[in-house]
Amino acid sequence: MQIKKLVFVAVALGIAAGASAQVKPEDQIKFRKAGYAFMSWNMGKIKAQVIDNPGSFNKDQVAAAASLIAATANSGMGALYGPGTDKDAGSQKTRVKPEFFKEPDEVRKLAMAFSKEANELQKVAATGDVAAIKAQFGKTGESCKACHDKFRKDE
């Protein structure tokens, strides 16, 4: 039974990899912007409940938002920075600095740090400890900001 699952996962990953290779640069930019917007929206939901108005705290909502942030952070969005996505493509504008594509080791380091903090936010959010969530929310936001500071153009 376990072998069947592994074969299914391997086939699914192979199909997904082939499909992502066929995504046009314009769509890659659109999809990655959507992923970041989705994470931002969920960060906002957590912020509203643990910083802006802690009296409105709802453990299940915060845990769900944190889970979605972690899932998106770990979804392989790096594949959406393919050739041709270093500049505007079609109707899609990008704010990625050219350095992003020239410093893969730094990008990897920042992406891994963000994933680590997002995963920790998911774990901490599940506890319902508002103070701990607030502290980890700050760490997660800082790891996101570190990449913005280095690789995102100001508008």
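Which residue takes a positive phi just after α5? Gly128 does, with a phi of about 80°.

First, what we are looking at. This is a predicted model, where local features need pLDDT of at least 70, side-chain atom pairs count only at pLDDT 80 or more, and totals for chains, interfaces and linings use all residues. Residues are numbered from 1 along each chain as its sequence is written, and side-chain values use heavy atoms, with hydrogens and water left out.

The pLDDT, which is the predictor's confidence in each residue from 0 to 100, averages 90 over the protein chain. At least 70 is reached by 86% of the residues. Residues 5-18 have a pLDDT below 50, and beyond near neighbours in sequence this stretch makes zero contacts in the model. A contact here means heavy atoms within 4.5 Å.

Now the fold. The protein chain has six helices and zero strands. Both kinds of element are DSSP runs, numbered from the N terminus: helices are H or I with at least four residues, strands are E with at least two. Of the contacts with a separation of 6 or more, 74% are between residues 24 or more positions apart. Buried residues make up 28% of the 155 residues; buried means under 20% relative accessible area, exposed means over 50%, and partly exposed lies in between, with a 1.4 Å probe and protein chains only.

Back to α5, residues 104-127. Its 24 residues should span 34 Å at 1.5 Å a residue, and its end C-alpha atoms are 35 Å apart, which agrees. The expected span is 1.5 Å times one less than the number of residues. Among the buried residues of α5 are Val107, Leu110, Phe114 and Leu121. What covers the buried residues of α5 includes α2, α3, α4 and α6.

Helix α3, residues 59-73, has 15 residues and reaches 21 Å from its first C-alpha to its last, close to the 21 Å expected. Its buried residues include Val62, Ile69 and Thr72, and the buried residues of α3 pack against α2, α5 and α6.

Leu68 also sits in α3, but Leu68 is partly exposed, at 34% relative accessible area. Together with Phe38 and Trp41, Leu68 makes a nonpolar surface patch of about 290 Å². Patches are made of residues with over 30% relative accessible area and no salt bridge; like charges are joined within 9 Å, and nonpolar side chains (Val, Leu, Ile, Met, Phe, Trp, Tyr) within 5 Å.

Last, the charges. How many salt bridges does the structure hold? There are nine, a salt bridge being a side-chain nitrogen of Lys or Arg within 4 Å of a carboxyl oxygen of Asp or Glu. I will show three.

Lys109 is exposed, at 52%, while Glu106 is partly exposed, at 21%.

In α6, residues 130-151, Asp149 and Lys145 are four residues apart, again about one helical turn. Their closest N and O atoms are 2.7 Å apart. An α-helix has 3.6 residues a turn, so residues three or four places apart point the same way.

Asp86 is partly exposed, at 36%, and Lys87 is partly exposed, at 49%.

Key. Accessible areas come from the Shrake-Rupley method with a 1.4 Å probe; for residues, only the protein chains shown count as cover.
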